[in-house]
Amino acid sequence: MNAFYEKIDRVAHKLLEQSQVLALPVNLKAVADFLGLTVLTKPLEEEYSGFLAVAEKTIVINSHHSPVRRRFTTAHEIGHYQLHRRKKTDSPVFIDQTVYFRRASGDDSHRWEMEANAFAAGLLMPEFLLEEYLEKHSDVDIGQTSGIKQMAEEFEVSRPAMEYRLRNLGFLLPTSF
């Protein structure tokens with residue numbers, strides 16, 4: 001794992017420890033409650049995953065999206081709150097669209113989206129819980145799609161998110177995406 005992910009993983013891990021959320025699947029409500037955040041699920045236009053209103057300490061998630069997408073978006077918005085809330089003074093709202101990487105790659109918003117995505121992965125699929133899971137379930141073959149799918153179901157994330165996380169942590173060999 002590179003330094004970019006290591007730093008963000010440490011922040012996510014510290015939050016899990018502080019909020020005492022150390023079991024599967026990660027209880028995002030408990031994490032949000034610990035931070036004093038309110039999480040609401042409401043219908044939004046399809047292209048919007050959700051948003052964080054910093055001053056109101058409120059996260060709104062698109063109710064039209066799948067449960068695993070809503071979980072990732074919630075973790076992503078918690079990431080914005082932990083990593084960026086003091087940096088965004090011009091407009092204290094983070095609005096996230098379903099497709100994050102169509103923005104210009106040189107601006108802060110692109111970097112913040114990448115950081116919030118990395119934080120969400122670290123929060124939902126922390127390395128220590130992945131290691132624990134693999135130790136307890138030695139029969140799970142993460143080299144097979146079925147093994148990754150099984151883990152994704154246990155962690156309540158999408159299969160692609162699980163595969164990407166396992167690759168980033170070195171549990172799987174990198175491939176071209």
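**Helix packing in the predicted model**

The model is predicted, so local features need pLDDT of at least 70 and side-chain atom pairs count only at pLDDT 80 or more, whereas totals for chains, interfaces and linings use all residues. Residues are numbered from 1 along each chain as its sequence is written, and side-chain values use heavy atoms, with hydrogens and water left out.

As for the chain overall, it has 7 helices and 4 strands, taken as DSSP runs numbered from the N terminus (helices H or I, at least four residues; strands E, at least two). Along the sequence, these elements come in the order α-α-β-β-β-α-β-α-α-α-α. Of its 177 residues, 44% are buried, meaning under 20% relative accessible area, with exposed meaning over 50% and partly exposed in between (1.4 Å probe, protein chains only).

Back to the pair above: H2 (residues 28-35) and H3 (residues 67-84) pack at about 25°, their axes 11 Å apart. Axes here are lines fitted to C-alpha atoms, for helices over the stretch in contact, and angles run from 0 to 180 degrees between N-to-C directions. On the H2 side, Leu28, Val31, Ala32 and Leu35 make the contact, and on the H3 side Arg71, Thr74, Ala75, Ile78, Tyr81 and Gln82 do, contact meaning heavy atoms within 4.5 Å. By type, this set splits into 7 nonpolar residues, 2 polar and 1 charged. Nonpolar covers Ala, Val, Leu, Ile, Met, Phe, Trp, Tyr, Cys and Pro, charged covers Asp, Glu, Lys and Arg, and the others, Gly among them, are polar.

H2 also meets H1 (residues 3-18), this time at about 85° with the axes 10 Å apart, so H1 and H2 are roughly perpendicular. Leu15, Leu16 and Gln18 of H1 touch Val31, Phe34 and Leu35 of H2, a contact with 5 nonpolar residues, 1 polar and no charged.

Within H3 sits His80, which is buried at a relative accessible area of 0%. Apart from neighbours within four places in sequence, His80 touches Leu52, Arg85, Phe94, Asp96, Trp112, Glu113 and Ala116.

Helix H4 (residues 108-124) has 17 residues and should span 24 Å at 1.5 Å a residue, which agrees with the 24 Å between its end C-alpha atoms; the expected span is 1.5 Å times one less than the number of residues. H4 is mostly covered, with 13 of its 17 residues buried.

Notes: Parallel < 35°, antiparallel > 145°, perpendicular 65-115°, else oblique.
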